[in-house]
Amino acid sequence: MRAKLIFQYAFMIAVSFICGVISSRYISLELAEYIIKVVDARVLEINAGYIAAIVPVAISLGIVLLFSSHPFLSYAALIYIALKSVFFGFASVYMMEQGQSIFAYISWWFPFQLLYLILFICIYRICRVQISRMKRNTMRAVPIIIFLIAAVLYLEIVVISYILI
């Protein structure tokens, strides 16, 4: 059963990533830059600062926690994760087409965005349990996942600060 879920989530990420790649072909450059500036401005300017790194992750974490902990809106969190994966593919194509460094894509953008997606799926799976069936053992994992997201965010800031600049 767990292998089936892992395959479903991996397939969701892959299909959403491909949809982002395809959608980048049909959007003008000005609109693409506007979308990227609104969602995550670090793609346009890698050394944008700490706040530009923290805000998108914090907003995404809040949305996933909010939606996945509600029994009727739990699938909205999964849809948000899929949209995050679409943006991942969309911004990846933008980075490649606009002459950004392949090194920046390989060492920063791809691994960290993939880790965030995996951690958001973990939070979704943990918090999706209905309130009447919540157990303390499963809810203890939420602060651990949040700590892992904070550690990945710190590593991302270090990679941007010391390796890419």
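Patches are here made of residues with over 30% relative accessible area and no salt bridge, in which like charges are joined within 9 Å and nonpolar side chains (Val, Leu, Ile, Met, Phe, Trp, Tyr) within 5 Å. Accessible areas come from the Shrake-Rupley method with a 1.4 Å probe, and for residues only the protein chains shown count as cover. A salt bridge is a side-chain nitrogen of Lys or Arg within 4 Å of a carboxyl oxygen of Asp or Glu. The model is a predicted one, in which local features need pLDDT of at least 70 and side-chain atom pairs count only at pLDDT 80 or more, whereas totals for chains, interfaces and linings use all residues. Residues are numbered from 1 along each chain as its sequence is written, and side-chain values use heavy atoms, with hydrogens and water left out.

The protein contains 7 helices and 0 strands, where helices (H or I, at least four residues) and strands (E, at least two) are DSSP runs numbered from the N terminus, and its pattern along the sequence reads α-α-α-α-α-α-α. Of the 165 residues, 38% are buried, the term buried denoting under 20% relative accessible area, exposed over 50%, and partly exposed the range in between (1.4 Å probe, protein chains only). Among contacts (heavy atoms within 4.5 Å) with a separation of 6 or more, 75% are accounted for by residues 24 or more positions apart. The protein exposes about 9800 Å², of which carbon and sulfur atoms supply 71%.

On the surface, a nonpolar patch is formed by Leu31, Tyr34, Val38 and Val39, which together have about 380 Å² of accessible area. Leu31 is placed in helix 2 (residues 29-39) and is partly exposed, its relative accessible area being 41%.

When neighbours within four places in sequence are left aside, Ile149 is in contact with Val57, Leu61, Tyr116, Leu119, Phe120 and Ile123. Tyr105, in helix 5, is buried with a relative accessible area of 15%, and, with the neighbours within four places again excluded, Tyr105 is in contact with Phe17, Ser92, Met95, Met96, Phe110 and Pro111. The C-alpha atoms of Tyr105 and Val43 are separated by 9.6 Å, although these residues are 62 residues apart along the chain.

A search of the whole structure finds 3 salt bridges. One of them joins the side chains of Glu97 and Arg25 (2.4 Å, N to O); Glu97 lies in helix 4 and Arg25 in helix 1, so the pair ties together parts that are 72 residues apart in sequence. Glu97 is partly exposed at 45% relative accessible area, whereas Arg25 is exposed at 58%. Asp40 forms a salt bridge with Arg42, with the closest N and O atoms 2.7 Å apart, and both Asp40 and Arg42 are buried. Arg42 also meets Glu156 in a salt bridge between their side chains (2.5 Å, N to O), a pair that links distant parts of the chain, with Arg42 in the loop between helix 2 and helix 3 and Glu156 in helix 7, 114 residues apart. Glu156 is buried, as is Arg42, and salt bridges that share partners join Asp40, Arg42 and Glu156 into one network.
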